[in-house]
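This report looks at the build of one chain and at the side it turns to its partner. The structure comes first.

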Amino acid sequence: MSLNTLAFYLHRITGVILAIYLCMHLVFIGTVKTGEYANLIKITLSKEFLPLDLLLFLAGIYHGVNGVRLIIHEFGLLYRYRKALLYATPVITLIIWIFVCLEVIR
Amino acid sequence: MKGLSWLFQLLTGIALVFFVVYHFVVTHIAGSLAYEEVLKRIVSLKIFYIVFLPIVAFHAFNGLKVISEEYGFKWSRVFYIAMIVAIAYGLYNLF
């Protein structure tokens, strides 16, 4: 599998994960109105949930960074550097993810 | 993905980079997820979330629609209905 194909499928998979999360997030936020949120947030802020949160951030950051790469090429920009940007995408994703993890765990 | 669907997917994608980063900063860095804070945020950032919600819902459900179409499913209406339901439910929770 080429790196391009891998990036394509990762974009899709993370997109589906984020779409499912969006639905769950909307239902979860809906509990603010009923007052249930106060109890539910204690569960989702527990240490057991933290790895899931961090993985969700990884999916979101990858989808965003790769999306920006795709948009740059859609505008016909930096096409000469497409291979370099393809390699840079996971590197940039990891740097941002580590920063986010540190901020969230702190 | 062609025409308006492609154009809006691209434009909402650009907008979401900024919206999601801001949403993350106010919920995880500058603020917290405590019940009282979320309640306050829903009021103080109401306009932000009213704009954010349709953008993110379009990007998500249009993306799912495109994927399903590429696998041969003709479920466009299902995804558009789901998008409208998600926006309506989100707005209902905001007011």
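In this predicted model, buried residues account for 17% of the 106 residues in chain A.

**Fold of chain A**

Chain A holds four helices and zero strands. Read from the N terminus, its elements run α-α-α-α. How does the radius of gyration of chain A compare with the globule rule? The radius is 17 Å, whereas the rule gives 13 Å for 106 residues. The value is well over the rule, so chain A is more spread out than a compact globule. The C-alpha trace spans about 55 × 25 × 25 Å along its principal axes.

Contacts within the chain can be sorted by sequence separation. Take those in chain A with a separation of 6 or more: 73% of them join residues 24 or more positions apart.

**The side facing chain B**

How many residues of chain A are in contact with chain B? There are 24, and they meet 21 residues of chain B.

Which helix gives the most to the side of chain A that touches chain B? H1(A) does, with 12 residues. By residue class, the side of chain A that touches chain B divides into 15 nonpolar, five polar and four charged residues.

Key
Residues numbered from 1 in each chain as written. Chains lettered and ligands numbered in written order. Predicted model: local features only at pLDDT ≥ 70, side-chain atom pairs only at ≥ 80, totals over all residues. Helix = DSSP H or I, 4+ residues; strand = E, 2+ residues; numbered from the N terminus. Rg over C-alpha atoms; globule rule 2.2 N^0.38 Å. Buried ≥ 20, exposed ≤ 12 C-beta atoms within 10 Å, placed from the backbone. Contact = placed C-beta atoms within 7 Å. Nonpolar A, V, L, I, M, F, W, Y, C, P; charged D, E, K, R; others polar.
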